[in-house]
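Q: I am new to this structure and would like a close look at a single part of it. Please keep the answer plain and connected.

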Amino acid sequence: MGKDYMAGLKELIMTLYDCPAYLDSNTNNKGLVVIRDAALSILGAATPAELGNALSAADWYNGNLARFSLLTPETDYHERSADFESKAPTELANRLRTLHEKLPEPPLPDALGETKDAVAWSLAADIWPQVHAYEQALRAMTAPNANLDDRLRAIYGRMHVQAIKIAILFAALDWADDDHAPPHPKVKVAHWYRAQQITEEW
């Protein structure tokens with residue numbers, strides 16, 4: 001971000017965050033690029049100085065930073081002795097592997113580039129009253145006459161979406177852990193409340 005040759009990247013990320021069913025782009029260099037059923041995941045690392053060069057105050061206002069969870073070092077930093085017997089988080093890795101193996105494989109395109117029909121899963125969830133209540137509370141907080149720092153409006157306005165995504169992740173992991181689970185994951189109220197807590201903490 002912030003480089004001339006990466007012009008349009010921020011806008012693309014903001015569009016992909018909403019998981020559009022279809023998105024296309026036509027450029028002189030790459031030609032026509034089609035993205036179907038987008039589900040973008042980004043994990044990155046940078047120093048504060050590097051972020052300062054790439055981002056500006058406008059990224060708070062336009063919602064770019066609202067689409068990321070920014071994790072920073074602890075505020076009570078102090079020197080620690082080196083840990084020579086570190087242990088890999090195998091439990092989490094095994095759970096993710098189980099989920100990966102349990103999910104259906106995405107269809108591969110044929111020789112002509114046409115994507116085969118995918119199996120559509122509707123979202124089974126008992127959380128919509130809670131989601132709606134949270135959305136309405138956030139809407140009131142971001143109203144034009146509300147006493148809220150303008151930099152926070154784009155963030156608060158999307159917190160319910162972020163919480164839904166986190167709740168879906170919880171439901172998917174629980175579904176993968178259960179040997180007697182139904183065919184598809186189901187988002188439960190417990191998933192939602194924990195996801196809302198995490199969103200508020202972030």
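In which helix is Asp-59 found? Please describe its surroundings, and then go on to helix H8.

A: This is a predicted model. In it, Asp-59 is found in helix H3, which covers residues 58–61. Asp-59 has a relative accessible area of 0%. Since buried means under 20% relative accessible area, Asp-59 is buried.

Leaving aside residues up to four places away in sequence, Asp-59 touches Lys-10, Asn-64 and Leu-65. With one of these, Lys-10, there is also a polar contact between side chains, at 3.2 Å.

Now to helix H8. Helix H8 runs over residues 189–201 and has 13 residues. From its first C-alpha to its last, helix H8 reaches 19 Å, close to the 18 Å expected at 1.5 Å a residue. The buried residues in H8 are His-191, Trp-192, Ala-195, Gln-196, Ile-198 and Thr-199. Seen down the axis of H8, these buried residues fall within an arc of 165°, so they line one face of the helix. The face of H8 turned away from that buried side carries two exposed residues, Ala-190 and Glu-201.

The buried residues of H8 are covered by other elements, including helix H5 (128–141), helix H7 (159–177) and strand E4 (186–187).

Key. Residues are numbered from 1 along each chain as its sequence is written. This is a predicted model: local features need pLDDT of at least 70, side-chain atom pairs count only at pLDDT 80 or more; totals for chains, interfaces and linings use all residues. Side-chain values use heavy atoms; hydrogens and water are left out. Helices (H or I, at least four residues) and strands (E, at least two) are DSSP runs, numbered from the N terminus. Buried means under 20% relative accessible area, exposed over 50%, partly exposed in between (1.4 Å probe, protein chains only). Contact means heavy atoms within 4.5 Å. A polar contact is a pair of N or O atoms within 3.5 Å; within protein, one must be able to donate a hydrogen and the other to accept it, and residues adjacent in sequence count only if both atoms are side-chain atoms. The expected span of a helix is 1.5 Å times one less than its number of residues. The arc is that of the directions from the helix axis to the C-beta atoms.
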